[in-house]
Amino acid sequence: EWIIPESHPRRESLLEREKLVEGMCDGVVVPQGLIAHGRGECFDYLLGETSIPPALEAERAAAAMFHLAKHPVISVNGNVAVLAAREVVELSEATGALIEVNLFYRTRERAKAIADLLYAHGARQVLGVDDATARIPGLDSMRGLVSPNGIYKADYVLLGIEDGDRTEALVRIGKTVAAIDLNPLSRTSLAASIPIVDHIKRALTNIKRYYESMSREEASRVINSFNPRKVIADTLLYIRNRLETLARQLMYDYR
Ligand code: ATP
Ligand code: MG
C-alpha cells in the first residue's frame, strides 16, 4: 500500500483522492463521483484552494437561512459523505437541520452505506434510505425520489457536489437552495438561490461558524441584501484578477 509522506506539499489533496477511491470500493461513491472530484480540484486550483471573499459572503447567507428556515435539510451524496461526513453531522447538530441521503444514482445499498457512514460520525437520524417515497416533479423516476419528511417538505435545502438538473428542479418547486460547488459556471451554481463556490469541507465549516455567531435579526439583514448573481460575478472577477497577478509575477521573475 502506498503511503503519502507527511511532508508532501499536496498531502491533503492526495488523501482526499485516496478516500474517494476507497469510497468507491466500499460502494459509497460512484465512478462518476471520481470524475466530478477531478473537475472540482481543477477549479480549486484557480481559487488558490482557499475560501475566497465571495464564497464567505455566500456562506454567511447560507448560515443566515438556517436561522430563518422552518424546515431546513442538508442533502448528502456519496462524495459529500466521504469528504465531509463529520462536518455535515456537526452542522446538523448546530442548526437542527435534518440530514437526508439524496442520490443521482440511487440504489438502496448505496443509500444505506452513506447513512452508515454518517451514523459512524455521530448522526442521530438520516432520512432518505427506506423512506424515499415522494417525488420531485421534473426529474425522471429514481432521480426524483426524496423523503416526504425531508427534502419534499423542506423550505431550505443545503446541498453540495450536486447535478444541475436536480438543483434546478428543487428551485423550480420553490425551495431556497444553497449549493456548494467549486465550479462557478456549473448549472448548479447558476441555478442556486445561494451559490457557494468553495470546497465542501471548507464551506460546511465556515457555515457552522457563521451560524453560531449570528442573531436572527442579523440573519434577516444578510438575506435581504444577498444577490446570487453578484456572488458569481465577483467569483469570476476574483479568478481573473488572481490569474492576472500570477501571470505578471511569472513574467517579472522571468525578466
Ligand atoms: P452541472 O450539472 O451543475 O452543470 P456538472 O455536470 O459539471 O455540473 P456534476 O457532476 O453534475 O457536475 O456536479 C458536480 C459538481 O461538483 C462539479 O461542478 C464539481 O466542480 C463540483 N465539485 C467536485 N468536487 C467538489 C468538492 N470537493 N467541493 C465542492 N464542489 C465540488
Ligand atoms: Mg451535471
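Student: Axes are lines fitted to C-alpha atoms (for helices, over the stretch in contact), with angles from 0 to 180 degrees between N-to-C directions. So how do the axes of helix 1 and helix 4 cross?

Tutor: They come within 10 Å and cross at roughly 130 degrees, with helix 1 at residues 11-25 and helix 4 at residues 78-95. Helices (H or I, at least four residues) and strands (E, at least two) are DSSP runs, numbered from the N terminus. This is a predicted model, where local features need pLDDT of at least 70, side-chain atom pairs count only at pLDDT 80 or more, and totals for chains, interfaces and linings use all residues. Residues are numbered from 1 along each chain as its sequence is written, while chains are lettered from A and ligands numbered from 1 in the order written.

Student: OK, and which residues of helix 1 and helix 4 make the contact?

Tutor: Helix 1 brings E16, K19, L20 and G23, and helix 4 brings G78, V82 and L83. Contact here puts the C-beta atoms, placed from the backbone, within 7 Å.

Student: What does helix 4 lie across?

Tutor: Strand 1 (72-76), strand 2 and strand 5 (156-160), and helix 4 runs at about 170 degrees to strand 1. Helix 5 (residues 108-120) also packs on the sheet, where it touches strand 1 and strand 2. The direction of helix 5 makes about 145 degrees with that of strand 2.

Student: In what order do the strands of that sheet come?

Tutor: The order is 2-1-5-6-7, five strands in an open sheet with parallel pairing. Two strands pair if DSSP finds at least two bridges between them.

Student: Which strands stand at the edges?

Tutor: Strand 2 (98-101) and strand 7 (194-196); each has a single partner strand, so one side of each has no neighbour in the sheet. Neighbouring strands are turned by 20 degrees against each other on average, direction ignored.

Student: How many bridges join strand 6 to strand 7?

Tutor: Three, with strand 6 covering residues 176-180. A179 has P195 of strand 7 as its bridge partner.

Student: New topic: how do helix 3 and helix 9 cross?

Tutor: Helix 3 (residues 53-68) and helix 9 (residues 216-224) have axes that come within 8 Å and cross at roughly 125 degrees. On the helix 3 side the contact includes R60, A61 and A64, and on the helix 9 side it includes R216 and A219.

Student: Last one: what is the mean pLDDT of the chain?

Tutor: It is 96, and 98% of the residues reach 70 or more; pLDDT is the predictor's confidence in each residue, from 0 to 100. The predictor also gives the complex an ipTM of 0.98 and a pTM of 0.97.

Definitions and conventions. Two residues are in contact if their C-beta atoms, placed from the backbone, lie within 7 Å.
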